[in-house]
Amino acid sequence: MKPFLDENFLLDTKTAQRLYHEYAKEMPIIDYHCHLPPDQIAQDLQFGNLTQAWLYGDHYKWRAMRTNGVDESFCTGNQPDREKFRQWAATVPYTLRNPLYHWTHMELQRYFGINDILNADSADAIYDAATEKLQSPEYSVRGLLKKANVKVVCTTDDPIDSLEHHKAIKEDGFDVKILPAFRPDKAMNVDNAEGFNAYIGKLEAVSNTNIADFQDYLDALKQRHDFFATMDCSVSDHGLEQIYAEDYTEAEIKAIFTKIRSGNELTLAERLKFRSAMLEIFAVWDWEKGWVQQYHLGALRNNNSRMLRQLGPDTGWDSIGDFSQAASMARFFDRLDTNNQLAKTIIYNLNPADNELFATMIGNFNDGSAIGKVQYGSGWWFLDQKDGMTRQINALSNMGLLSRFVGMLTDSRSFLSYPRHEYFRRILCNIFGNEIENGELPADLPWTGKVIQDICYNNASSYFQWQPQSATSLAPVF
């Protein structure tokens with residue numbers, strides 16, 4: 001029987017162990033998509049306790065606690081932080097075989113040197129020990145990023161965001177790059193006229209313009225896109241149910257905008273046409289600037305309307321959706337490619353039934369103009385676990401070039417989530433190691449090790465062209 005979570009965790013063979021410890025382990029991290037709050041990085045926040053660092057904003061944990069019968073007041077409510085932690089600790093033993101069980105104990109080990117199993121009996125001792133460490137300067141949010149050997153963080157930002165915190169971080173000279181990403185989902189959301197016009201009001205204020213017609217709207221958004229570029233942004237991101245690629249005319253879009261700007265609700269056909277037009281316009285702007293565009297597809301969001309009204313979005317009421325993806329995605333990319341306006345692109349699926357679809361879609365538009373120009377993104381959200389990562393790696397291996405993959409990201413709101421990169425790297429090394437020992441791959445560890453290092457870090461560094469500091473400047477301290 002192997003010990004739980006030892007140095008060879010998830011590494012079944014001697015070759016897998018060598019690949020991880022000699023090649024993957026020390027590689028830095030480029031977190032090119034996450035939801036870390038830039039204001040906390042700007043102020044170099046010091047968490048008051050482990051609950052604040054671990055449970056605030058973590059809907060993964062909230063969903064598990066709710067399923068375990070924990071009252072909402074201990075998840076998003078106003079119960080004392082220690083009591084919230086006790087409820088989480090009592091839930092952890094019931095998360096066996098959920099990735100939360102692995103992540104929880106990896107984070108306790110890597111950040112705090114705590115090897116105990118978290119449960120109701122150990123809760124207070126672990127809470128006190130971790131909270132005490134969180135008070136020291138090296139455990140500020142910037143210290144946590146350095147501790148995880150992170151080189152680049154790319155946050156997720158609305159076009160109306162001021163990016164003042166990114167500016168402050170850069171002026172501070174913080175040696176981890178904190179970059180914005182342009183995420184204009186709200187600028188395409190025309191499901192509700194009142195909400196859309198309220199968003200336009202905010203856009204008018206931040207762009208200091210009056211938006212009367214569709215051209216005014218585009219001008220204001222383009223101003224924000226240009227502003228983001230001045231703030232070192234070179235990535236866009238979209239979180240959509242599916243790609244929109246309806247046929248439309250310029251006259252139709254202008255009329256649709258006038259209709260909703262007047263406070264009238266749109267038909268379904270009008271909403272789809274408007275989203276299709278905006279998605280294409282944003283993609284062309286990205287291509288013009290040489291940005292990388294990302295499409296996270298397939299989430300069915302805000303399913304519990306009662307809890308949405310009570311708590312708002314992003315509080316743990318989303319699931320995998322079963323949307324049709326292939327035809328519209330192909331049509332959208334083909335429109336851009338026909339005009340030679342397809343930027344570097346990463347596509348992510350949330351429904352595992354779409355793995356092979358996405359893995360083959362990228363090959364339709366990899367035209368040799370850039371290495372891995374169109375990427376099949378890593379296991380995302382509900383799929384960033386052992387089985388999901390393995391299936392994504394296998395689909396990409398079978399139908400594309402895993403060796404050119406830009407690797408893992410956190411998609412997280414937590415500064416303690418970076419062991420997920422280690423989790424991915426162990427799984428990756430185990431796959432290669434097992435196949436080498438089975439005689440399915442040659443026992444050329446230097447070459448295989450190079451491929452693994454490329455997937456862990458080098459491919460992303462080259463793809464995004466952020467030119468972060470050398471790999472030796474921030475050694476891991478886990």
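In this predicted model, five of the five residues of strand 2, which covers residues 150–154, are buried, so strand 2 is largely enclosed by the rest of the structure. Strand 2 pairs with strand 1 (residues 29–31) in the parallel sense, and strand 2 also pairs in the parallel sense with strand 3 (residues 177–179). Val153 of strand 2 takes part in both pairings, being the bridge partner of Asp31 and having Ile178 in strand 3 as a bridge partner. The table sets out the two pairings.

| Strands | Sense | Bridges |
|---|---|---|
| Strand 1 (residues 29–31) and strand 2 | parallel | three bridges |
| Strand 2 and strand 3 (residues 177–179) | parallel | three bridges |

Helix 16 is made up of 13 residues, 326–338, and spans 18 Å from its first C-alpha to its last, which is close to the 18 Å expected at 1.5 Å a residue. Its buried residues are Ser328, Met329, Phe332, Phe333, Arg335 and Leu336. When helix 16 is seen down its axis, these buried residues fall within an arc of 150 degrees, and therefore they line one face of the helix.

Methods. Residues numbered from 1 in each chain as written. Predicted model: local features only at pLDDT ≥ 70, side-chain atom pairs only at ≥ 80, totals over all residues. Heavy atoms only, no water. Helix = DSSP H or I, 4+ residues; strand = E, 2+ residues; numbered from the N terminus. Expected span 1.5 Å × (residues − 1). Buried < 20%, exposed > 50% of the residue type's maximum accessible area, 1.4 Å probe, protein only. Arc of directions from axis to C-beta. Pairing = 2+ DSSP bridges.
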